[in-house]
Amino acid sequence: MSLKKIAQAVSLAFCFTLSAAQVFAASPTSVIPAHARADKISTPASVFGFELGEWHVRPEQLVSYYQLLATQSPRLKVRVVGYTHERRPILNVIITSPKNHERLTDIEAARGRGESDTPLVVYLGYSVHGNEPSGANAAPAVAWHLASSTDTSVNEMLERTVVVIDPMLNPDGLARFANWANSNRGQTLVSDPNTLEHREGWPSGRGNHYWFDLNRDWLWLQHPESRAHVATFQTWRPHVFGDFHEQGTDATYFFQPGVPSRTHPLTPQSNQSLTEAISKFHVKALDARGEFYFSREGFDDFYYGKGSTYPDVQGSVGILFEQASSRGHIQDSRNGLLKFEHTIANQITTSLSTLQAADAMRDQLISHQKNFFEEAKKMAQADANRAMLFAAEGNPARLRDFATLLKQHGIAVHQVKSSVTVNGQRYDARNAIAVPLNQRQNRLLEGITELRTQFKDNTFYDVSAWSVTKAYDLASSKSAGDVVGEPVQDLPKASLKAESNIAYAFAWENDDAAPLLAELSQTGLRLRTITKPMRMQTTEGVRDLGIGSIVIPVAMQSTSAGNVAEIVRKATAKYSVEVMALTSGAGSTGTDLGSASLKSVERPRVALLTGTGLDSTSVGELWHWLDTHLHLPTTMLSTDRLAATQLERYTHIVMADGSYRLSDEANKSIERFVKQGGVIIGVEGALNWASNQTYLHTKLVKADAAKKSDADKADDKKVDEKKAKDTRLAYKDQDANSAKELVAGVIFETEIDRSHPIAAGIPRDTLPVFRAQADVFKLEGDRYGTVAAYSAAPVISGYVSPENAKRIAGSAAITAERVGNGSVILASAALGFRSGWVGSRRVLENALFFGKAFEKARADGDEVEEE
């Protein structure tokens with residue numbers, strides 16, 4: 001394809017002089033704009049060695065190209081703002097006039113402080129899902145056009161605007177997909193959807209290195225890519241953010257606004273009005289190309305943890321774009337033959353129509369952002385409360401991590417000025433922080449901490465609840481008092497203050513305790529956990545040790561006391577955990593260090609099941625937890641290798657969400673593994689697998705109607721009779737009726753048995769958990785094994801139909817049973833959801849380290865064995 005052939009497709013975003021027929025005829029594959037330009041600026045094709053769309057561009061090629069443009073054009077600078085897990089650079093490509101570049105540091109600083117409305121800032125982000133590559137492949141053409149064009153309209157726009165481009169929001173996923181598509185491409189292109197090129201293997205390139213959906217991580221910031229994107233956003237506070245995605249092959253092209261009734265109530269109407277006005281520019285540009293498109297249906301604007309919605313609660317206008325995906329290079333669709341270069345052309349077109357719209361509407365966009373924050377300030381000043389208080393009893397690491405998360409979002413965080421009790425909860429400098437409400441980001445603070453159970457529309461594209469307060473399992477209250485102290489300081493690391501010839505111990509409540517224990521378990525030290533509360537003498541006085549506390553007995557070690565102290569001192573220096581030196585083995589509560597209630601903690605040797613049929617994001621969450629939080633070597637074991645693998649190599653098998661279609665041989669291997677002393681940890685869909693295993697003495701089964709009360713049966717009969725009468729339903733009500741069957745990503749309250757080792761370190765008798773499945777389970781034959789059950793009124797936040805809420809109430813949330821010498825710990829919730837649910841993640845840590853620390857249940861009438 002020559003530059004002449006692919007003429008006007010993008011420049012028309014600034015100047016609509018050609019007829020639609022001319023443009024469509026000339027450019028269904030026009031992926032680079034032709035325009036008056038500076039010849040010294042290299043085109044993408046001249047650097048890549050192929051035209052855009054002919055092959056999938058790899059991240060390293062893109063990085064080299066942007067770096068080359070920066071040497072050729074005074075309009076363009078490249079910044080490396082971070083590195084991915086695979087050490088690929090995360091880029092900001094900043095394009096503006098040379099005059100603006102001369103004072104860019106001042107502009108940037110003023111924007112970050114909120115002291116300047118100009119110049120206008122437009123942030124364009126491409127391909128947060130790696131296997132939605134048209135955006136990342138369009139970005140070099142957009143950058144080249146802006147860097148090289150000598151058109152007056154472009155020059156004037158860049159005098160008034162700073163364009164910040166993130167050319168690939170997910171470099172690792174993009175690399176994985178580009179390799180797949182290119183390596184399965186023949187010299188003769190194949191459009192058959194069944195060909196290998198269009199049938200990407202497991203896991204797909206959608207996620208990042210740990211298979212996370214980065215478009216859901218804008219809130220949780222668990223990954224370096226997300227932290228870099230949010231840092232860029234908070235630095236520049238853009239007026240418009242464009243988020244470029246792909247959708248199914250048989251679709252056309254979508255741009256926001258989305259479904260009007262699915263907009264979050266905290267998003268101001270002016271945001272949606274501006275989105276609607278901007279959409280007119282996309283309409284004009286795509287009409288000129290003869291493209292089909294849709295808006296106001298299919299997608300929502302609700303969850304603030306997505307890239308296109310995150311800006312809306314911060315005075316920006318976020319816009320989602322969804323291009324029908326060719327996935328490979330060419331594919332049959334219901335709309336005809338879809339070529340990769342065609343998808344790229346559409347993304348270029350709407351990229352530049354976004355810039356045209358922003359430039360034309362600059363006064364409205366600037367006014368909107370200014371009014372947004374002024375209105376937020378007025379709302380805060382009118383509020384009788386002055387601050388939100390958050391407490392994490394005995395867990396300074398969790399409070400540290402929570403404060404860090406808020407600060408990354410530009411939310412000011414302070415210490416508590418003086419101790420205060422609100423609603424029966426005590427907040428002080430040791431276990432609490434104060435977040436002032438009268439600050440620039442107060443709407444974002446409200447948006448990420450709110451609890452909501454009533455919705456205008458009960459259909460959701462993503463989750464319906466996401467409270468960070470519940471995810472971190474924090475106590476919280478609003479306060480009208482003068483409680484805001486100094487800005488919060490970094491949490492100091494602990495140090496071993498004294499040595500002991502008896503034992504060392506540390507409490508389990510602190511989130512740093514689990515990684516500390518994981519590190520100690522790799523040293524060869526013999527470790528014990530406490531299953532009954534103890535009161536012990538230490539060099540710092542008498543200390544209470546709760547369930548889960550760790551004891552390191554000195555005399556039991558195979559090394560000298562001095563070496564034990566050095567190992568403990570070295571590990572402790574990395575964490576905020578206070579390690580106590582015990583001065584006596586005698587406990588003042590009746591339990592001594594030699595008690596059988598202290599159970600061994602073995603070195604975990606973990607196999608995490610992977611493979612087709614499993615939810616790769618769920619597997620990735622567990623992998624990320626084991627690898628980056630606990631730093632434990634983890635074997636990624638494909639389910640198709642289970643039968644041929646010697647499972648005795650491992651102490652734990654971890655089963656994520658998904659469908660487990662295991663062979664009989666594989667299931668027998670797992671049964672032997674458990675009975676011989678292994679531990680199974682399973683979440684969500686793994687319960688369906690467990691419920692089909694006959695060897696589980698305490699079996700999880702789907703709740704049936706046999707145990708229903710007479711009143712429930714009568715209600716069911718009425719429903720059945722009504723259904724029999726109402727056999728006809730309106731076609732338009734399909735979505736609404738389907739929503740009633742869903743659990744739309746909901747936060748539930750569970751009542752947890754804190755006397756159980758699997759509940760160790762949890763601060764209250766209730767634990768919020770996140771689940772998105774309607775299946776209900778119960779535990780039979782073991783009245784002591786239900787570690788947590790859903791409360792009678794379990795819905796804390798999110799949408800679930802009254803029928804499903806009633807079914808879930810009282811059912812099992814977390815169970816633990818001993819089988820032979822091993823055990824099985826299961827949860828119907830996503831305990832480590834998106835790696836942001838650190839409160840319920842404690843259950844995973846307990847299952848990992850204390851999976852056999854609880855006793856096998858005795859049947860009624862069994863006598864305790866005497867010796």
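Okay, let's start inside: Ala513, Ala514, Pro515, Leu516, Leu517, Ala518, Leu520 and Ser521 are the buried residues of helix α16. Buried here means under 20% relative accessible area, exposed is over 50%, and partly exposed is in between, with a 1.4 Å probe and protein chains only. Helix α16 runs over residues 513-521, and eight of its nine residues are buried, so the rest of the structure largely encloses it.

Quick word on what we're looking at. This is a predicted model, where local features need pLDDT of at least 70 and side-chain atom pairs count only at pLDDT 80 or more, while totals for chains, interfaces and linings use all residues. Residues are numbered from 1 along each chain as its sequence is written, and side-chain values use heavy atoms, with hydrogens and water left out.

Zooming out, the protein chain has 24 helices and 34 strands. Those are DSSP runs numbered from the N terminus: helices are H or I with at least four residues, strands are E with at least two. Of the 867 residues in the chain, 59% are buried. And if you take the contacts with a separation of 6 or more, 79% of them are between residues 24 or more positions apart; contact means heavy atoms within 4.5 Å.

Now, a residue I'd like you to click on: arginine 398, in helix α13, residues 396-408. Is arginine 398 buried or exposed? Its relative accessible area is 4%, so it is buried. What does its side chain join up with? There's a polar contact of 2.9 Å to the side chain of aspartate 511. By polar contact I mean a pair of N or O atoms within 3.5 Å; within protein, one must be able to donate a hydrogen and the other to accept it, and residues adjacent in sequence count only if both atoms are side-chain atoms. A polar atom of the arginine 398 side chain also lies 3.4 Å from the backbone oxygen of valine 838. Leaving aside neighbours within four places in sequence, the contacts of arginine 398 include Tyr472, Asp473, Gly839 and Arg842.

Next, a helix pair. Two packed helices are described by the angle and the distance between their axes. For α10 (residues 269-288) and α12 (residues 362-382), the axes come within 11 Å and cross at roughly 160 degrees. So α10 is roughly antiparallel to α12, a label that takes an angle over 145 degrees. The axes are lines fitted to C-alpha atoms, for helices over the stretch in contact, with angles from 0 to 180 degrees between N-to-C directions. Who meets whom? On the α10 side it's Ser270, Asn271, Leu274 and Ile278, and on the α12 side Gln364, Leu365 and His368.

The peptide bond from threonine 118 to proline 119 is cis, with omega near -5 degrees, and proline 119 sits in the loop between α5 and β3. Glutamine 256 to proline 257 is cis too, with omega near 20 degrees; that proline is in the loop between β6 and α10.

Arginine 237 has phi near 45 degrees, in the loop between α9 and β5, and at 10% relative accessibility it counts as buried. Histidine 631 has a positive phi of about 55 degrees, in the loop between α18 and β25. At 52% relative accessibility, histidine 631 counts as exposed.

Methods: Parallel < 35°, antiparallel > 145°, perpendicular 65-115°, else oblique.
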